[in-house]
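Please keep the sequence and the structure in view while reading.

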Amino acid sequence: MSNLSRKLFVLIVSAVLAGCATKAPPQKPHNLCSVFKEKRSWYKDAKKSNQRWGTPIQIMMAIMYQESSYRHDAQPPRPWFLFIPLPRDSSAYGYSQAQDGTWDQYVREAGGFFSSRKDFGDSIDFIGWYTHKSRKINGTSLWAADHQYLNYHEGWYGYRKGTHKKKKWLLNTAGTVKRRASDYGEQLRRCGL
């Protein structure tokens, strides 16, 4: 292998490994300043979505953390029957855990043909779009992290029907999202981005 070929090989392997490294979840997901310092482009994407849709950054990020723990390829567990894999219970996928139909609606209304649930920028924009529509459809304040999360989990019409009211575990989870959004908001005010 020539010296030039070796250098080219090292460059290609380095680029592939660097690409894989950027997909890893943040090391300190409970601290929004640490998340944005580690993933510098994420703050720009979150700010852009905030400016476009009006949803506070800390609320979008708290919803994303709850849904995927910042994993680009997150999806619901696959059930098994003995050794046979069965279909997943949901089509939720990616950072935003958007389901196929809702993602398709976002792509038609606000995204673009090349939008991807595995892309952080597209996923945070999806969450901004979704919460914006929750305000339009159900009157849910963009600052009400718990009720925005309930809209997100149950869907706009499920939320309107009150399907969440009989799900204690979901109400507890919405409370967790609200607390995380509050913590994230306090952290964001102090980190000077």
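A helix here is a DSSP run of H or I with at least four residues, and helices are numbered from the N terminus. Under that definition, Glu154 belongs to helix H7. The model is a predicted one.

**Overall fold**

- The protein contains nine helices and two strands.
- Read from the N terminus, the order of these elements is α-α-α-α-β-β-α-α-α-α-α.
- The protein has 193 residues, of which 44% are buried.
- Of the contacts between residues at least 6 apart in sequence, 51% link residues at least 24 apart.

**The largest nonpolar core**

- The largest nonpolar core comprises 41 residues, and those that touch the most other members are Phe36, Trp42, Ile57, Met61, Tyr70, Phe126 and Trp129.
- Two or more residues of this core come from each of helix H2 (32–38), helix H3 (40–53), H4, H5, H6, H7, H8 and H9.
- The greatest contribution to this core is made by H4, which supplies eight residues.
- Apart from neighbours within four places in sequence, Trp129 contacts Trp53, Thr102, Gln105, Tyr106, Glu109, Ala110 and Trp156.

**The largest pocket**

- The volume of the largest pocket is about 420 Å³.
- This pocket is lined by 22 residues, and Glu67, Gln97, Gln99, Tyr152 and His153 are the closest to its centre.
- Two or more lining residues are given by each of helix H4 (57–68), helix H5 (100–109), helix H6 (120–138), helix H7 (145–154), helix H8 (156–161) and helix H9 (168–190).
- H7 provides the largest share of this lining, with four residues.
- Sorted by class, the lining consists of 11 nonpolar, nine polar and two charged residues.

- The side chain of Glu154 makes a polar contact of 2.8 Å with the side chain of Lys167.
- When neighbours within four places in sequence are set aside, the residues in contact with Glu154 are Tyr159, Thr163, His164, Lys167 and Leu170.

**Thr55, in a loop**

- Thr55 is located in the loop between H3 and H4.
- Because its relative accessible area is 0%, Thr55 is classed as buried.
- The side chains of Thr55 and Thr131 are joined by a polar contact of 2.5 Å.
- With neighbours within four places in sequence left out, Thr55 is in contact with Asn50, Met60, Gly128, Thr131, His132 and Leu142.

**Ala24, in another loop**

- Ala24 is found in the loop between helix H1 (3–21) and H2.
- Ala24 counts as partly exposed because its relative accessibility is 35%, and that class lies between the 20% and 50% cut-offs.
- How far apart in sequence and in space are Ala24 and Arg71? Ala24 and Arg71 are separated by 47 residues in sequence, while the distance between them in space is 7.0 Å from C-alpha to C-alpha.

Terms used. Residues numbered from 1 in each chain as written. Predicted model: local features only at pLDDT ≥ 70, side-chain atom pairs only at ≥ 80, totals over all residues. Heavy atoms only, no water. 1 Å grid on protein atoms, 1.4 Å probe; cavity = no way out; pocket = protein on both sides within 12 Å on 5 of 7 lines; lining within 4 Å. Points joined across faces, edges and corners; volume = space filled by probe spheres on them. Nonpolar A, V, L, I, M, F, W, Y, C, P; charged D, E, K, R; others polar. Polar contact = N/O pair within 3.5 Å; in protein donor to acceptor, adjacent residues only side chain to side chain. Contact = heavy atoms within 4.5 Å. Core = buried A, V, L, I, M, F, W, Y, C linked by side-chain atoms within 4.5 Å. Buried < 20%, exposed > 50% of the residue type's maximum accessible area, 1.4 Å probe, protein only.
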